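Student: Hi! Could you walk me through some side-chain contacts in this one?
Tutor: Happy to, let's look at it together.

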Amino acid sequence: MTKTIFDIVDPKIYRYIHMCLFCKQPAFRMTSEETPCPLCGKQELEILPFYDPSRDYGLDVDEYAITMMYALYKKNLHRTIVVFDDFYRKAPFVKPSSDFTGELGGYVAFGGLDQLIDIVENLYFNESDIEYLRSKGMYEEAFLSELRSLRFTGSLQAMKEGQIVFPNTPYIRMIAPIMECIWIEAQLLNTVNSESLLMTKASRIVTAADGQSVIEMGKRRAQGRDASVQGARSAYIAGFDYTSNLKAGKKYGVPTTGTHAHLFVQFFPNELDAFLAFAEVFPAKSILLVDTFDVLGSGIPNAIKVAKRMEEHGQKLTGIRLDSGDLAFLSKRARKMLDHAGFPYVKIAASSDLDEHTITSLKHQGAKIDIWGIGTKFITAYDTPALGGVHKIVARRTEKDWVALIKVSENIDKIINPGCKKTYRIYDQDGMAKGDYICLEHENIQGLKEIQLKHPVNPLKMKRVSHFTAVQLLVPIFEEGKLVYDQPTLEEIKQFHQAQKNTFWEEYLRLDNPEVYPVTLSDELRELKDKMINEIRELALIES
């Protein structure tokens with residue numbers, strides 16, 4: 001990757017740039033104190049904060065984060081070590097079909113870890129941030145000075161990117177001073193929720209495509225520039241083959257592809273001239289858009305003429321694309337016309353607001369489509385536009401020990417699992433996942449001959465598993481503020497995601513009415529949770 005000035009001059013150290021007004025020579029400085037220009041010796045300077053706008057993370061927070069940090073600072077509690085868990089409660093995109101009334105499962109593909117690592121490594125308040133907070137007139141200078149030196153110093157564990165995660169299974173665990181955990185909350189949730197959501201949508205689309213080629217092409221409908229780039233990366237990890245987004249290709253190495261739009265056809269005197277021009281320039285990647293005027297009357301006949309001319313020159317037409325109309329009917333007619341003309345190798349691509357549901361429907365209708373172009377309904381997560389991942393405090397360190405913390409709600413789904421915990425995935429002898437097992441940190445299930453997997457809410461739903469392998473799902477990412485994780489390549493993450501999908505029975509991953517995957521609390525954790533709930537309710541009765 002090409003280096004920038006920020007890779008050479010660290011803005012966390014050199015916080016100011018001194019620009020000489022006489023000779024225009026810049027100088028990077030650690031303070032705003034004026035010093036003579038190193039080139040001309042004059043001291044007529046403009047002094048500006050120096051920071052990387054693309055990694056301007058310090059104030060990428062909700063205001064209540066700073067107000068809580070300040071209140072804790074004023075009470076000298078801001079360095080208290082705490083534990084936060086990140087998880088989600090309800091799987092996205094899952095809806096009951098027909099008259100189904102049972103409990104719905106569903107999954108999420110964990111994404112955003114690569115971006116989260118970049119955020120944590122580059123998290124600091126630059127001088128522009130400090131000046132903005134000062135302008136609000138709410139914070140004393142000593143606190144602003146504390147923020148100036150604030151960095152992430154804690155530990156962070158997470159699932160590997162691309163892992164399959166189910167409701168209430170923690171996918172991130174953070175152990176750090178409470179001020180740091182509060183500071184990072186909004187960025188962590190924004191990043192992981194959005195990228196996991198899109199990776200999940202893409203993973204479902206890949207399931208529906210069932211081995212056929214899928215192309216991400218949602219750039220123009222994405223909700224922001226960054227969303228389109230990160231979405232293209234997430235789609236590729238989930239199993240898409242290409243993206244149309246060149247920025248994603250440059251930044252992450254996602255394979256890119258693209259042909260032409262309707263405007264290219266409209267620009268030429270006629271459709272055939274447009275097709276011939278494009279095929280002449282790009283003979284190796286010529287997919288012709290045949291629905292600008294009349295698919296069956298001119299689009300496909302003209303594509304066949306181009307295919308014949310290409311064969312005369314030892315070339316082959318790659319394919320045609322349908323972007324409107326009845327895709328099932330048109331693709332079947334197109335396939336017959338192409339085959340009859342002697343071009344069975346010409347592929348048929350389709351786009352037009354496709355997602356896993358329309359792909360499944362088109363396949364059931366016998367559509368002859370080889371390549372799926374996916375845009376709006378993927379990049380906007382059209383049918384479930386948000387993932388409700390949360391960042392919850394579960395324990396606090398005292399001078400002697402850890403104290404478990406819990407949030408109680410009348411909504412049973414919102415009662416969190418307290419304490420310092422670890423999470424295992426239980427595999428049978430064939431390597432298939434049987435359930436997740438959440439237990440307290442000191443518990444050890446290695447060596448057990450049998451384990452009971454119980455429903456997290458209904459303990460009557462239970463199964464016993466013997467001869468199992470237990471694998472901890474969270475791996476160290478940061479320790480004492482230092483990155484210790486060997487980040488995999490994009491291809492390795494993609495392969496990992498597919499390998500993880502293969503460890504689950506299709507009943508858990510199916511698009512409609514998925515089976516509920518067991519996520520079990522250990523008996524000791526369940527007892528602690530019940531005990532804390534009862535104590536809080538008894539205290540509430542006394543106070544009332």
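Student: Which side chains meet in a salt bridge at 3.8 Å, N to O?
Tutor: Those of Asp-370 and Arg-335. A salt bridge here is a side-chain nitrogen of Lys or Arg within 4 Å of a carboxyl oxygen of Asp or Glu. Keep in mind that this is a predicted model, where local features need pLDDT of at least 70, side-chain atom pairs count only at pLDDT 80 or more, and totals for chains, interfaces and linings use all residues. Residues are numbered from 1 along each chain as its sequence is written, and side-chain values use heavy atoms, with hydrogens and water left out.

Student: Where do Asp-370 and Arg-335 lie?
Tutor: Asp-370 lies in the loop between helix H13 (356-364) and strand E14 (371-374), and Arg-335 in helix H12, so the pair ties together parts that are 35 residues apart in sequence. Helices (H or I, at least four residues) and strands (E, at least two) are DSSP runs, numbered from the N terminus.

Student: Which residue does Asp-339 form a salt bridge with?
Tutor: Arg-335 again, and the closest N and O atoms are 3.1 Å apart. Asp-339 and Arg-335 are separated by about one helical turn because they are four residues apart in helix H12 (residues 327-340). Asp-339 counts as partly exposed, at 37% relative accessibility.

Student: How many salt bridges does a search of the whole structure find?
Tutor: It finds 24. One of the pairs is Lys-421 with Asp-85, where the closest N and O atoms are 2.6 Å apart. Lys-421 lies in strand E17 (residues 421-427) and Asp-85 in strand E4 (residues 81-88), so this pair ties together parts that are 336 residues apart in sequence.

Student: And are those two buried or exposed?
Tutor: Lys-421 is buried, with a relative accessible area of 6%, and Asp-85 counts as buried at 5% relative accessibility.

Student: Which residues are linked in a network of salt bridges?
Tutor: Lys-201, Arg-204, Asp-355, Glu-356 and Asp-383.

Student: Switching to rings. How many aromatic pairs are there?
Tutor: The count comes to 20. Rings of Phe, Tyr and Trp (its six-membered ring) pair if their centres lie within 6.5 Å; planes under 30 degrees apart count as stacked, over 60 as edge-to-face and the rest as tilted. The rings of Tyr-70 and Tyr-139 have centres 5.1 Å apart and planes at 90°, so that pair is edge-to-face.

Student: What parts of the chain does that pair link?
Tutor: Distant ones: Tyr-70 is in helix H2 (residues 63-74) and Tyr-139 in the loop between helix H4 (127-135) and helix H5 (141-148), 69 residues apart. Tyr-70 and Tyr-139 are both buried. Tyr-139 also forms a tilted aromatic pair with Phe-143, 5.6 Å centre to centre with 40° between the planes.

Student: Which residues do ring pairs link into a cluster?
Tutor: Phe-264, Phe-267, Phe-268, Phe-278 and Phe-282. Lys-285 lies over the face of Phe-282, 6.0 Å from the ring centre. A charge sits over a ring if NZ of Lys or CZ of Arg is within 6 Å of the ring centre and within 35 degrees of the ring normal. Lys-316 lies over the face of Tyr-345 too, at 4.7 Å from the ring centre.

Student: Now the backbone. Which residue has a phi near 45°?
Tutor: Ala-381, and that is a positive value in a residue other than glycine. Most residues other than glycine have a negative phi. Ala-381 is found in the loop between helix H14 (376-379) and strand E15 (389-397), and it is buried, with a relative accessible area of 1%.

Student: What about Asn-76?
Tutor: Phi of Asn-76 is near 60°, also positive. Asn-76 is in the loop between H2 and E4 and counts as exposed, at 60% relative accessibility.

How values were computed: Buried < 20%, exposed > 50% of the residue type's maximum accessible area, 1.4 Å probe, protein only.
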